Amino acid sequence: MKSIILAAGEGKRLRPLTNNTPKCMVELFGKSLLERQIEIMKSCGINDIVVVTGYKSNMINIPGIIFEKNMNYKNTNMIETLFCAKSHFEGEIIITYGDIVYEKKVLEKLIDSSNSISIIIDKNWKNYWEKRFLNPLSDAETLKIGPKGNIIDIGQKTNNITEIEGQYIGLMKFNSEGTEIIKNFYEKSKKQSQNGKNPLNEKIPFEKSYMTDLLQGLIKNSLHLNPVFINGGWIELDSLDDYNLYKKLYEENKLKELINFGN
């Protein structure tokens with residue numbers, strides 16, 4: 001099993017912390033986000049680790065890690081960043097955003113899933129979002145589970161909390177079959193987009209597509225996305241407000257309400 005960490009973004013909402021540092025290398029309590037992820041992965045026996053860089057890539061230098069670079073990171077989004085690592089698409093793959101940190105038990109639960117496409121979903125999302133946002137619905141996206149237990153809707157804006165049965169955190173796994181599925185689906189969708197319409201999200205160019213656009217596209221093509229449910233145990237560092245919140249909780253010895261860095 002290998003992992004691919006998507007760490008090409010500029011982290012504009014984290015400025016000034018990212019003025020001279022890539023988002024994944026911002027330190028949180030003595031270690032960068034990337035170092036924390038790599039530690040957790042290695043503790044779970046994953047040593048084949050690929051990091052896709054972009055912004056300030058020269059600032060990322062961790063021994064034993066394979067690096068690929070999204071040369072067009074300024075004009076692309078998560079899907080194109082992921083496929084900068086397509087030469088590594090083989091067998092079972094953990095795919096994770098570079099701006100999240102999670103407990104070991106979260107990763108272990110994902111590893112244990114035997115489904116073709118497995119997506120970590122936080123059922124306790126509301127508790128976390130309420131700490132981060134005055135209005136959780138300003139940031140949360142749809143996540144609906146069908147009668148067969150698979151994800152039937154993901155990543156859409158909503159003002160209706162009943163359409164949110166959890167939140168996608170940016171962590172998923174594809175087994176060998178799933179890896180082939182996403183490769184073929186990506187190539188098919190990219191070819192269709194050459195006709196001038198993005199089949200994943202008609203509101204934006206194909207190269208700007210979000211990961212949830214890809215996942216929703218798989219759903220629309222009747223492919224089974226399996227949720228792997230968790231109840232917290234992770235955090236995302238997306239903005240300066242996030243950073244200040246975690247610092248405050250840490251100083252008050254309350255950060256463990258969200259994540260335990262010891263596990």
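Before anything else, a word on helix axes: each is a line fitted to C-alpha atoms over the stretch in contact, and angles run from 0 to 180 degrees between N-to-C directions. One caution: this is a predicted model.

Let's start with two helices. H5 covers residues 176-193, and H6 covers residues 211-220. Their axes sit 11 Å apart, and the packing angle is about 100 degrees. Angles of 65 to 115 degrees count as roughly perpendicular. So H5 and H6 are roughly perpendicular to each other. Who makes the contact? From H5, it is Ile181, Ile182 and Phe185. From H6, it is Leu214, Gly217 and Leu218. By class, this contact has five nonpolar residues, one polar and no charged.

Stay with H6. How many of its 10 residues are buried? Nine are, so H6 is mostly covered. The buried set runs Met211, Thr212, Asp213, Leu214, Leu215, Gln216, Gly217, Leu218 and Ile219. Just past the end of H6, look at Ser222. Its phi is positive, about 65 degrees.

Now the loop between H5 and H6. Asn195 lies there. Is Asn195 buried or exposed? It is exposed, because its relative accessible area is 69% and the cut-off for exposed is over 50%. Take Ala140 as a reference point. Asn195 and Ala140 are 55 residues apart in sequence, and their C-alpha atoms are 32 Å apart in space.

Next, H4, residues 125-132. Its buried residues are Trp125, Tyr128, Trp129 and Arg132. An α-helix has 3.6 residues a turn, so residues three or four places apart point the same way.

The axes of H4 and H7 come within 10 Å and cross at roughly 100 degrees. That makes this pair roughly perpendicular. H4 brings Tyr128, Lys131 and Arg132 to the contact. H7 brings Asp242, Leu245 and Tyr246. The classes here are three nonpolar, no polar and three charged.

Further along H7 we find Leu249. Leu249 is buried, because its relative accessible area is 7% and the cut-off is under 20%. Setting aside neighbours within four places in sequence, Leu249 contacts Lys254, Leu255 and Leu258. Phe89 is 160 residues away from Leu249 along the chain, and 39 Å separates their C-alpha atoms.

Last topic: the cores. In soluble globular proteins, nonpolar side chains tend to be buried together. Here, the largest nonpolar core has 45 residues. Which residues have the most contacts inside it? They are Leu34, Tyr102, Leu171 and Tyr246. Helix H1, residues 33-43, gives the most to this core, with five residues. Tyr246 also turned up in the contact of H4 with H7.

Zoom in on Leu171. Beyond its neighbours within four places in sequence, Leu171 contacts Ile94, Ile95, Thr96, Ile100, Tyr102, Val106, Leu110, Ile119 and Ile120.

How values were computed. Residues numbered from 1 in each chain as written. Predicted model: local features only at pLDDT ≥ 70, side-chain atom pairs only at ≥ 80, totals over all residues. Heavy atoms only, no water. Helix = DSSP H or I, 4+ residues; strand = E, 2+ residues; numbered from the N terminus. Parallel < 35°, antiparallel > 145°, perpendicular 65-115°, else oblique. Contact = heavy atoms within 4.5 Å. Nonpolar A, V, L, I, M, F, W, Y, C, P; charged D, E, K, R; others polar. Core = buried A, V, L, I, M, F, W, Y, C linked by side-chain atoms within 4.5 Å. Buried < 20%, exposed > 50% of the residue type's maximum accessible area, 1.4 Å probe, protein only.
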